[in-house]
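Please keep the model open beside you as you read.

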Amino acid sequence: MARVFSGIQPTGDKHIGNLLGAIRHWAVMQDEHECIYSIVDLHSITVPVDPAALRASTLSLATLLVAAGVDPDRSILFAQSHVPEHTELAWYLNCTATYGELKRMTQFKDKSGGQESVSVGLFDYPVLQAADVLLYRAGLVPVGEDQRQHLELMRDIAIRFNGRYGDTFVVPEAQIPPVGARIVDLQEPTRKMSTTGGTEQGTLLLLDDPKRLRKKVMSAVTDSDGEVRSDPEAKPGVSGLLSLLSAVEGTPVADLEARFAGSGYGDFKGAVADAVVELLEPIQARHAEIAADPGEVERILAAGAERARAIAVPVIEDVRAAIGFAPRG
Ligand code: TYM
């Protein structure tokens with residue numbers, strides 16, 4: 001059975017795209033796989049971040065992940081910076097990855113565009129991401145659509161390293177869900193939902209209260225033809241809401257089109273809002289319960305890091321031997 005690894009950045013409020021594209025599947029995969037989930041705080045410092053905010057958001061994301069179904073007894077849940085082998089392996093892989101392939105990463109182009117100063121870390125981000133997964137010899141990586149290119153690069157790095165030094169890494173595969181892998185911004189539906197690149201009103205935060213969630217859904221942009229039908233080119237707003245509802249309910253878009261044939265946009269949006277609130281309310285309730293004992297989440301992360309290191313350290317020793325470093329004695 002393939003081992004599973006995935007990661008999520010602590011900074012930026014988490015939204016329903018993170019849940020539908022990734023976190024929800026992380027919870028399901030625990031039933032059949034050994035799963036390792038990381039709060040990737042090292043990735044968060046590729047752009048300037050306030051230290052107090054980083055600390056707080058790491059703990060609050062751990063709380064949220066547990067509330068959303070990540071079970072720390074069955075899975076390993078840890079903060080990336082607590083396992084120093086991630087940075088060690090990233091260096092080794094830096095010497096395998098090429099400048100040319102990193103330059104082609106669209107996420108880097110998007111994030112660096114228009115910035116006056118761009119850190120080397122932001123450029124190198126996908127190599128650290130490759131290290132995250134390869135360090136555990138994970139075979140499956142559940143992620144949303146926006147991570148596809150990073151996963152391709154990760155595979156190329158693993159294959160190249162294995163070719164050069166002998167079979168060391170498992171070549172991982174992306175697991176991108178057929179629905180929900182690209183939830184769009186409700187105000188600018190040609191863009192993905194994102195707390196860094198999207199609009200505030202068009203982003204459904206996992207911890208928004210029900211009133212706010214409803215308001216955001218009800219004010220989603222649509223179009224003037226009044227038909228609840230999916231056509232991402234001509235009707236991006238309505239299409240985005242249909243795929244959101246499809247992912248939330250697990251109902252195919254065609255069935256939703258049939259259900260809402262003849263309905264106005266107001267009724268349709270009302271149904272989307274109800275479904276979103278119904279999905280998020282229990283998560284919010286569990287979040288409040290867990291957050292009442294902040295010590296608990298720190299204990300979960302500490303135990304997770306210890307379990308992660310038990311896997312990572314022997315792999316790093318294999319990597320070091322393969323590269324040809326003298327034994328550490
Ligand atoms: P991050 O923190 O941006 O996002 C976490 C997960 O949420 C998915 N996602 C979405 N899915 C659907 N619709 C959206 N609008 C949407 N926005 C985000 C992302 O695809 C992701 O699965 N580089 C990664 C974190 C990372 C990682 C890793 C992932 C670091 N190391 C190793 C997998 C394996 C990132 O920034 O995700």
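The structure holds one cavity of 30 Å³ or more. A cavity here is a set of points, on a 1 Å grid over the protein atoms alone, where a 1.4 Å probe fits but cannot get out. Its volume, about 60 Å³ for the largest cavity, is the space filled by probe spheres set on the points, with grid points joined across faces, edges and corners. Q107, F108, K111, L122, Y125, P126 and H150 form the lining, meaning that they have an atom within 4 Å of a point. Two or more lining residues come from each of α6 (106-112) and α7 (120-134); helices are DSSP runs (H or I, at least four residues) and strands likewise (E, at least two), numbered from the N terminus. By class, this lining has four nonpolar, two polar and one charged residue.

The model is predicted: local features need pLDDT of at least 70, side-chain atom pairs count only at pLDDT 80 or more, and totals for chains, interfaces and linings use all residues. Residues are numbered from 1 along each chain as its sequence is written, and side-chain values use heavy atoms, with hydrogens and water left out. The predictor's confidence in each residue, pLDDT, runs from 0 to 100, and its mean for the chain is 97. Among the elements, α6 has the lowest mean, 94, while strand β2 (residues 35-39) has the highest, 99.

Now to the ligand. Of the 27 residues around the ligand, Q9, Y125, D132, G144 and D146 come nearest; a residue counts as near if one of its heavy atoms lies within 4 Å. Y125 also lines the largest cavity. The table gives polar contacts, which are pairs of N or O atoms within 3.5 Å.

| Side chain (N or O atom) | Ligand atom | Distance |
|---|---|---|
| N18 | oxygen | 3.1 Å |
| Y125 | oxygen | 2.6 Å |
| D132 | nitrogen | 2.6 Å |

The protein covers 95% of the 710 Å² of accessible area that the ligand has on its own, by the Shrake-Rupley method with a 1.4 Å probe. Elements giving two or more residues to the shell are β1 (4-8), α1 (16-29) and α7.

A pocket is an open set of points with protein on both sides within 12 Å along at least five of seven lines. Helix α10 (residues 236-249) gives the most to its lining, with four residues. The lining residues include R182, E233 and V253.

Note on methods
Nonpolar A, V, L, I, M, F, W, Y, C, P; charged D, E, K, R; others polar. Polar contact = N/O pair within 3.5 Å; in protein donor to acceptor, adjacent residues only side chain to side chain.
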